[in-house]
Amino acid sequence: MMNMKPLKFGIIGCSRIAKRSVIPAIIKSEFAELEIIGSRSTDKAKEFASEFNCEKFGTYEDVISDDSVDAVYISTPIGTHEEWSIKASEAGKHVYVEKSSAVNFDSAQKMVESAKENNVRLMEGFMFRFHPQHQKVKELIKEGKIGEVKSFNGVFGFPAFPEGDIRYAAWVEGGGFLKDSGCYPICASRMIFDEEPYEAFGKLFFNEKFCDLSGSAILFYENGKTATISYINGSYYQAKYEVWGTDGVISLDRAYSVPPDFTTKVTLQYNSENNWEGRRTETFEIEPKDHFLEMLDTFCTEITGTKKAPFDFEQDLLKQAKILGWVGSGYHLANSLKTI
């Protein structure tokens with residue numbers, strides 16, 4: 001395993017998340033190597049490259065045409081993901097694309113089809129799912145600590161971004177906060193239930209520029225399980241979920257965006273006796289972990305065949321995109337996601 005050659009990464013888009021989290025993870029990883037940084041502006045690319053001691057920089061096209069690049073990381077606005085993902089796939093590059101992967105399900109399908117046609121891999125960047133706190137939640141559920149799981153409730157909201165931020169682009173252009181924050185608890189419910197919903201209701205609240213600033217959804221899973229989702233831009237910061245069962249509740253207070261030096265806590269509530277006084281609480285501390293690095297390493301080792309990833313990248317991307325489409329349309333009843 002230690003003898004595998006690191007994958008050389010090209011960066012498409014000089015975003016905040018690229019600067020703060022993804023490029024540092026590439027530099028830290030033993031399975032990846034920073035090769036070239038691309039931006040719409042060569043001056044911006046040069047500035048980014050100098051910060052990370054990267055000798056090569058240029059335009060997006062320079063990254064795509066660089067024969068030494070094995071994989072690209074795309075963190076451009078969502079409305080451009082399809083274009084650059086397909087261009088990268090056609091150039092024989094593996095693709096790690098920021099969430100949300102696409103403007104709509106049709107766009108996501110085109111991205112996946114291109115990856116398959118060109119024999120490359122495509123992964124959507126939901127880094128949170130690689131943090132060990134979620135494995136602890138699943139362990140407690142498997143051990144029967146909360147009985148039969150019935151409900152998931154997830155929220156993600158934060159203060160407003162500066163005016164003009166790309167997230168405030170119109171919904172049809174890939175803007176809005178369902179794709180930016182509501183997508184996280186939706187993905188988390190799928191991960192915790194380890195299955196896909198068959199029905200969804202959603203209500204989004206738009207501003208005058210047709211950008212959704214907040215919204216709620218309810219997803220229906222098999223055997224009576226439900227997931228309720230809320231997200232708000234311009235709010236008190238919350239990034240949590242709880243799983244409610246017949247015998248207790250498991251909750252996370254910092255579920256989605258976790259700094260690499262942050263100790264998270266998983267809280268378990270249950271009854272030792274069948275009354276209010278019999279309620280008990282246990283807290284499990286989870287050591288700090290860089291979930292961006294964990295995700296990147298999983299991507300690289302899956303591509304090289306060194307270690308099997310815990311889920312199918314492309315299928316997961318398609319299923320997530322389809323559910324976001326259901327919620328965004330207000331209502332959808334489907335037989336299942338098994339046709340994807």
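**Loops, core and salt bridges**

Reader: Where does D194 lie?

Author: D194 sits in the loop between helix 7 and strand 8 (199–206). Helices (H or I, at least four residues) and strands (E, at least two) are DSSP runs, numbered from the N terminus.

Reader: What sort of model is this?

Author: It is a predicted model, in which local features need pLDDT of at least 70 and side-chain atom pairs count only at pLDDT 80 or more, while totals for chains, interfaces and linings use all residues. Residues are numbered from 1 along each chain as its sequence is written, and side-chain values use heavy atoms, with hydrogens and water left out.

Reader: Back to D194. What is its phi?

Author: Phi of D194 is positive, about 55°, although D194 is not a glycine. Most residues other than glycine have a negative phi, and most peptide bonds are trans.

Reader: Is D194 buried or exposed?

Author: D194 counts as exposed because its relative accessibility is 62%. Buried means under 20% relative accessible area, exposed over 50%, and partly exposed in between (1.4 Å probe, protein chains only).

Reader: What does the side chain of E98 make a polar contact with?

Author: With the side chain of Y73, at 2.8 Å. A polar contact is a pair of N or O atoms within 3.5 Å; within protein, one must be able to donate a hydrogen and the other to accept it, and residues adjacent in sequence count only if both atoms are side-chain atoms.

Reader: How many salt bridges are there?

Author: The count is 17. One of them joins K28 and D290, with the closest N and O atoms 2.5 Å apart. That pair links distant parts of the chain, 262 residues apart: K28 is in helix 1 (residues 16–28), and D290 is in the loop between strand 14 (279–286) and helix 8.

Reader: What else does D290 do at the start of helix 8?

Author: A side-chain oxygen of D290 comes within 3.0 Å of the backbone nitrogen of F292.

Reader: How many residues of helix 8 are buried?

Author: 12 of the 14, so helix 8 is largely enclosed by the rest of the structure. G305, which follows helix 8, has a positive phi near 80°.

Reader: How many residues are in the largest nonpolar core?

Author: 80, and those with the most contacts inside it include F9, Y96 and Y256. Helix 7 (residues 178–193) gives the largest share of this core, 9 residues. A nonpolar core is a set of buried Ala, Val, Leu, Ile, Met, Phe, Trp, Tyr and Cys residues joined through side-chain atoms within 4.5 Å.

Methods. Salt bridge = Lys/Arg side-chain N within 4 Å of Asp/Glu carboxyl O.
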